[in-house]
Amino acid sequence: MITRSLIELVFSAASMERWNDHPRPAVFTELGKQAHKMIMAWVIARYESETRAVPVDWTALIEGGIFEFLHRVVLTDIKPPVFHKLMQNAEQRRKLNSWVADALAFDLDRLSPDFAGRFRDFLLAEEDASLERKSLRAAHYLATKWEFDFVYHWSNTKSMFGIEQTRGEISRQINEHRDLRAVDEILAARDLPDRDMGLWGFLSLVGQLGFQKRWAQTPRIPQTSVLGHLLFVAILSYFVSMEIGACPRRRYNNFFGGLLHDLPEVLTRDIISPVKNSVAGLDELIKELEKQAMEERILPLLPEAWRDEIRYFTEDEFACKIRPHGSTSPVILQHDLSEEQNTDTLDPIDGRVIEACDKLSAYMEASLSIRLGVAPQALADGKRNLYSRFSRSVISGFPMGQLFDYFW
């Protein structure tokens, strides 16, 4: 069972500001940073796997990223420099991590005792040199550096005590991961023209989704970005996937499908549903423009072998699909995935799960703002419409409507 308190914990990261003791061009949040990190981890692990023929345990990478996210959210009151100092002391690290595991035991046990056990084991185990752990660590520092470059640009280095030390420490941490080929290539591409940036260009574009506000024309508390929204959808999609007994590839697709489903919005911005639905055919036209922009500006930044998967995640993103071996294009289903289709060989993805989690995110954004006293009519209408649509929703046997009831 996915508890209300677990959903609220994930969403709370949207209110956790980063670099709040530095001048910033925009608000950076923990939810956005962790979303950027997970996309970077996907890029690093995949690139490393393909260039060195090293297999990736994608379940370990996804769950490791979720575990690190939950760990950081629980310990958010500890400033990063202090946090890292504590983590360097083996005894303090063990005590602190054990406390975090205990703090989340109630929610994670109800989600899945096995998942709760893996969370505790991950926190209490000694860090290893697996590709999955190394990719997550490298992604963490690269995502931090991406944010810090903006902070540094806006800072008067003569007035901001310690900023050069912070800059040097981040660079040192990244340089420790230059044995990963993706990291080396990303750093080498940072000063190239846009068209030649490759992986760094892709990751930089993704990061810009952190500047795009959801419900942009509507007063709301807390403000959320498209980038942070993507991680919320990905994590909730993964939790639902566990609840319905999804096979490993289906869980992978649902997580990364959720994490990348709004990628085209970096080029078209987040256009709210009332606008898209106001003119007949407008939504279809926007989809076509998004597809064209993806082909012209985003996909050329990625290795050609990756592009079909990005299309799989971003085209017909809310449809249930399979990709049988030898099929030249995805098969779009008019129903939920069947038990027979729940197999890695068919590369299944639950678009309806991703859509429901996407709408749950919007519903929570409206509901929590109304609860906090900022309640323009657009939020009230949005909340009511979403609830009427999803309150009785059941997807692959999972009562999705129950999650909407939590926040009514």
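**Entry 1: helix 12 and helix 18**

I began with helix 12 (residues 226–243) and helix 18 (residues 351–371), whose axes come within 9 Å and cross at roughly 125 degrees. The model is predicted, so local features need pLDDT of at least 70 and side-chain atom pairs count only at pLDDT 80 or more, while totals for chains, interfaces and linings use all residues. Residues are numbered from 1 along each chain as its sequence is written, and side-chain values use heavy atoms, with hydrogens and water left out.

I noted the terms as I went. Helices (H or I, at least four residues) and strands (E, at least two) are DSSP runs, numbered from the N terminus. Axes are lines fitted to C-alpha atoms, for helices over the stretch in contact, and angles run from 0 to 180 degrees between N-to-C directions.

Helix 12 and helix 18 are therefore oblique to each other. (Under 35 degrees counts as roughly parallel, over 145 as roughly antiparallel, 65 to 115 as roughly perpendicular, and the rest as oblique.) Their crossing is right-handed. (Left-handed means the near helix is turned anticlockwise from the far one by less than a right angle; right-handed means clockwise.)

Which residues make the contact? From helix 12 I listed H229, F232, V233, L236, S237 and V240, and from helix 18 V353, I354, C357, D358, L360, S361, M364 and E365. (Contact means heavy atoms within 4.5 Å.) I sorted these residues into nine nonpolar, three polar and two charged. (Ala, Val, Leu, Ile, Met, Phe, Trp, Tyr, Cys and Pro count as nonpolar, Asp, Glu, Lys and Arg as charged, and the others, Gly among them, as polar.)

**Entry 2: helix 2 and its partners**

Next I took helix 2 with helix 12. Their axes come within 7 Å and cross at roughly 70 degrees. That makes helix 2 roughly perpendicular to helix 12. The crossing is left-handed. L31, G32, Q34, A35, H36 and M38 of helix 2 make the contact with L227, G228, H229 and L231 of helix 12. By class I found five nonpolar, five polar and no charged residues there.

Then I checked helix 2 against helix 13 (residues 248–260). Here the axes come within 11 Å and cross at roughly 125 degrees. So helix 2 is oblique to helix 13. This crossing, too, is left-handed. A35, M38, I39 and W42 in helix 2 meet Y252, F255, F256, L259 and L260 in helix 13. What classes do these residues fall into? I counted nine nonpolar, no polar and no charged.

I found one cavity of 30 Å³ or more. The largest cavity has a volume of about 40 Å³. (On a 1 Å grid over the protein atoms alone, a cavity is a set of points where a 1.4 Å probe fits but cannot get out; a pocket is an open set with protein on both sides within 12 Å along at least five of seven lines; lining residues have an atom within 4 Å of a point.) Grid points are joined across faces, edges and corners, and a volume is the space filled by probe spheres set on the points.

A14, T29, L31, Q223, T224, S225, G228 and H229 line the largest cavity. They divide into two nonpolar, six polar and no charged.

The largest pocket has a volume of about 1800 Å³. I read off 48 lining residues, of which P80, P81, F83, H84 and H140 lie nearest its centre. The lining divides into 14 nonpolar, 15 polar and 19 charged.

**Entry 3: single residues**

I followed H140, which lies in helix 8. It touches K33, K37 and H84, not counting residues up to four places away in sequence. H140 and K33 are 107 residues apart in sequence and 8.4 Å apart in space, C-alpha to C-alpha.

Where is the cis peptide bond? A cis bond joins I221 and P222, with omega about -10 degrees. P222 sits in the loop between helix 11 (199–207) and helix 12.

Last, I looked up D316. Its phi is near 50 degrees, a positive value in a residue other than glycine. D316 is in the loop between helix 17 (304–314) and strand 3 (321–322).
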